[in-house]
Amino acid sequence: MDSFSLKQGLVLLAVAVTMARWVKERKEAHLKRRIQDGVKAKGYSVGIIGAGAGGVITAKKCMDLGIPFHIYEMAHDFGGTWLYNTCTSWAWFSPPPLPFM
Ligand SMILES: Cc1cc2nc3c(=O)[nH]c(=O)nc-3n(C[C@H](O)[C@H](O)[C@H](O)COP(=O)(O)OP(=O)(O)OC[C@H]3O[C@@H](n4cnc5c(N)ncnc54)[C@H](O)[C@@H]3O)c2cc1C
């Protein structure tokens, strides 16, 4: 049997990567649809306690999935640790921008 040339190998790799990506996207879309259908059927909504980094990211995930949610925050604003942290010796340290902003 002839061995693969480099070009054939690269084409094969590109096809495999494209197929793997396609399968992954289909799986994610299927899961998203199942979650949305389940939420719609049962009338669920998500309660998120705290609007720190964890709460904000959970809210973003819910938005992406189309799941209704409520955030309950005891402070006057969101940010959690970043809202409470007023240590001046860390003034040089600014929080990184959130990935979706
Ligand atoms: C200077 C500094 C640098 C940092 N650097 C990094 C870093 O480089 N990488 C990293 O991964 N992490 C870092 N961290 C840590 C990171 O910022 C925190 O781990 C993260 O912000 C925690 O988020 P959280 O949502 O879990 O909790 P929190 O930010 O503590 O948010 C919890 C929220 O819940 C609210 N809450 C609590 N109880 C109730 C209740 N009963 N009802 C309603 N609301 C409630 C609080 O008011 C608060 O807003 C750093 C922290 C600091 C201070």
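Colleague: In what order do the elements of the protein run from the N terminus on?

Modeller: The order is α-β-α-β-α, and the protein accordingly has three helices and two strands. Helices (H or I, at least four residues) and strands (E, at least two) are DSSP runs, numbered from the N terminus. This is a predicted model: local features need pLDDT of at least 70, side-chain atom pairs count only at pLDDT 80 or more, and totals for chains, interfaces and linings use all residues. Residues are numbered from 1 along each chain as its sequence is written.

Colleague: How do you know that the span of helix 1 agrees with its 37 residues?

Modeller: The expected span of a helix is 1.5 Å times one less than its number of residues. For helix 1, residues 6-42, that gives 54 Å, and the end C-alpha atoms are 54 Å apart, so the two values agree. Just after helix 1, Gly43 takes a positive phi of about 70°.

Colleague: Why is helix 1 said to lie largely in the open?

Modeller: A residue is buried if 20 or more other C-beta atoms lie within 10 Å of its own, exposed if 12 or fewer, and partly exposed in between, with C-beta atoms placed from the backbone. The number of buried residues in helix 1 is zero, so helix 1 lies largely in the open. In the protein, buried residues make up 1% of the 101 residues.

Colleague: What makes strand 1 and strand 2 a pair?

Modeller: Two strands pair if DSSP finds at least two bridges between them. Four bridges join strand 1 (residues 46-49) to strand 2 (residues 69-72), and the two run parallel. In one of these bridges, Gly47 has His70 of strand 2 as its partner. The chain passes from strand 1 through helix 2 to strand 2 in a right-handed β-α-β crossover; the term applies if, with the strands pointing away from the viewer, the path from the first strand over the helix to the second runs clockwise.

Colleague: How does the reach of helix 2 compare with the expected value?

Modeller: Helix 2 has 13 residues and reaches 19 Å from its first C-alpha to its last, close to the 18 Å expected.

Colleague: Why is Cys62 called partly exposed?

Modeller: Cys62, in helix 2, has 18 C-beta neighbours inside 10 Å, and therefore counts as partly exposed. Leaving aside neighbours within four places in sequence, Cys62 is in contact (C-beta atoms, placed from the backbone, within 7 Å) with Val46, Ile67 and Phe69. Cys62 and Val46 are 16 residues apart in sequence, with their C-alpha atoms 7.9 Å apart.

Colleague: What makes Ala59 partly exposed?

Modeller: Ala59 has 18 other C-beta atoms within 10 Å, and so is partly exposed. Not counting residues up to four places away in sequence, Ala59 touches Ile48, Phe69 and Ile71.

Colleague: Which residues come nearest to the ligand?

Modeller: Of the 16 residues around the ligand, Gly50, Gly52, Gly54, Gly80 and Thr81 come nearest; a residue is near if its C-beta atom, placed from the backbone, lies within 6 Å of the molecule. Helix 2 (residues 53-65) gives the most to this shell, with three residues.

How values were computed. Two residues are in contact if their C-beta atoms, placed from the backbone, lie within 7 Å.
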